There are 2 protein chains.
Amino acid sequence: MLQVSTVPELRAALQRMPRPVGLVPTMGAVHEGHLSLVRQARADCATVVATIFVNPTQFGEAADLVRYPRPIEKDLALLEGEGVDLVFTPSVDEMYKPGFTTVVHLDGPALGFEGEARPGHFDGVATVVAKLLLQSLPDSAYFGRKDAQQVAVVRRLVIDLDIPVTIAVMPTVREHDGLAISSRNAALSEEQRLAAPAFFLALSAMRDRYRSGMQDAAKLEEGCRALLAREPLFEAVDYVAVVDEQTFAPWTGGGPCLLVAAVRMGDVRLIDNAVLD
Amino acid sequence: MLQVSTVPELRAALQRMPRPVGLVPTMGAVHEGHLSLVRQARADCATVVATIFVNPTQFGEAADLVRYPRPIEKDLALLEGEGVDLVFTPSVDEMYKPGFTTVVHLDGPALGFEGEARPGHFDGVATVVAKLLLQSLPDSAYFGRKDAQQVAVVRRLVIDLDIPVTIAVMPTVREHDGLAISSRNAALSEEQRLAAPAFFLALSAMRDRYRSGMQDAAKLEEGCRALLAREPLFEAVDYVAVVDEQTFAPWTGGGPCLLVAAVRMGDVRLIDNAVLD
């Protein structure tokens, strides 16, 4: 596995590697979710590129950025173990040159939910994803469905800016008890960790109700909230909503939809979703 | 000359054409300024692509957009006459699909001057230029120095978003009396047209003073304003400023600089600049 840290090195390395190229962007702290993306890229593409960049512009609070885990040696070993060909580990200065001032901004799918809870977050995400895609110009780029709103934002920006790439979305990878794998899980106490699967169970129960015919957004949301309320360690429920998968607008009965939710356990904010189909 | 109107057609056509590819983006109403860009692209590149798209998102007032000239047959003939290989003439619906919601926004060089006089203008410019560059992924793209602030915005966005293209900037093309060629010139009355070269003469006089050693921004601006004030048909002077060529920040003595200005003659707003070197 070749490691490079500048855009010219990245482009030069890619020139020598066969197409198609698959890109797996990460912020490091690599877990099974990322590795499932790498495995799919490896199955689809002649060349697999992973990026590790903890993007400061998508963090609301400086403390979160400082606290973000950066186990770089372990990350590199995990990526190499899955057959990544090239890993791009730029510095903040490499990504944001002196005078940097461009923001890729979306309304539409970036409004509400995570966009509301984390002001500026999707500006940071859209801008850095546009940069990562344009630096390597992959044939495909891989994202996890756990961050469903991020997926909707990335899909939209790729259409809107005519970025020539296929966005592949892989299912959420879960622990054995159903908790969606996330770097945030490590911050849960033992007690919180034991309670956390109730989040997945609530979403799954409503997916089952949907499949049994209760296809009414308000009732599904209400039912989900009632289930989440039964777990006292869920100290707050930021949102529960049935949304259109592409626009994140309230679902009105047509097209693919998602049940999305965010809950708080102490300082930790968990997000998850269920595909209603 | 091949003409296409959709992005898939454009990409398919480019697949069959040799590299390097040069792109000349226009809003039509093709004049000698555009043709100078085409000639340079023709000299530099194996394939020359021109685009004709009157971009609604960079117009402040709907009336200006409706009034904008669209002599498409004449434009096509002029471009073909200069050896353009491929012309891309997308519709508004082709450029902005249902649900379009992405804006490429810059502060920095987009602040002040035209950015202030035309709110939202550079958002529209940056977004459409990003799209045009990503649709065709040219090796080089050609812009005229008359729109110096637009050039600074495009250069910045290309750096910031890592768009793999070289931006080539060509000198302002002028009428025999010095007036910078612009589609707006056609809107001048005969009397205004006769007076208009005083704009170029004022800028040139200050460039000469700069070269003779008067390298003080405030004095150059004051001198330019005094010269412009002598032409009664210049009913207003929107701005006169010595700016850093790249950042459009006030020039403080180091690096390449420009004297930029905008004047109003009736309904017509003229912009021009002089390179101070």
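Which residue of strand 4 of chain A stands opposite A:Ala50? In this predicted model, the residue opposite A:Ala50 is A:Val87. The sections below place that pair in chain A and then turn to the relation between the two chains.

## Strand 3 and its neighbours

Strand 3 of chain A spans residues 47-52. Strand 2 (residues 21-26) of chain A runs parallel to strand 3 of chain A, and six bridges join the two. Within chain A, A:Leu23 is opposite A:Val49 of strand 3.

Strand 3 of chain A is also joined to strand 4 (residues 86-88) of chain A, by three bridges, and these two strands run parallel. The A:Ala50 and A:Val87 positions face each other here.

## Burial of strand 3

Six of the six residues in strand 3 of chain A are buried, and the strand is mostly covered. Cover extends to both faces: one side carries A:Thr47, A:Val49 and A:Thr51, the other A:Val48, A:Ala50 and A:Ile52, all of them buried.

## The crossover

Helix 2 of chain A comprises residues 32-44. Together with strand 2 and strand 3 of chain A, helix 2 makes a β-α-β unit, and that unit is right-handed.

## Relation of the two chains

Chain B is superposed on chain A by a rotation of 180° with 0.0 Å of shift along its axis, at an RMSD of 0.0 Å. This is therefore the relation of a two-fold axis. In chain B, the C-alpha of B:Val104 is the nearest to the axis, at 2.3 Å.

Both copies use the same surface: 96% of the contact residues of chain B recur in chain A.

Technical notes: Residues are numbered from 1 along each chain as its sequence is written. Chains are lettered from A and ligands numbered from 1 in the order in which they are written. This is a predicted model: local features need pLDDT of at least 70, side-chain atom pairs count only at pLDDT 80 or more; totals for chains, interfaces and linings use all residues. A residue is buried if 20 or more other C-beta atoms lie within 10 Å of its own, exposed if 12 or fewer, and partly exposed in between; C-beta atoms are placed from the backbone. Helices (H or I, at least four residues) and strands (E, at least two) are DSSP runs, numbered from the N terminus. Two strands pair if DSSP finds at least two bridges between them. A crossover is right-handed if, with the strands pointing away from the viewer, the path from the first strand over the helix to the second runs clockwise. Copies are superposed by least squares on the C-alpha atoms of residues with pLDDT of at least 70 in both. Two residues are in contact if their C-beta atoms, placed from the backbone, lie within 7 Å.
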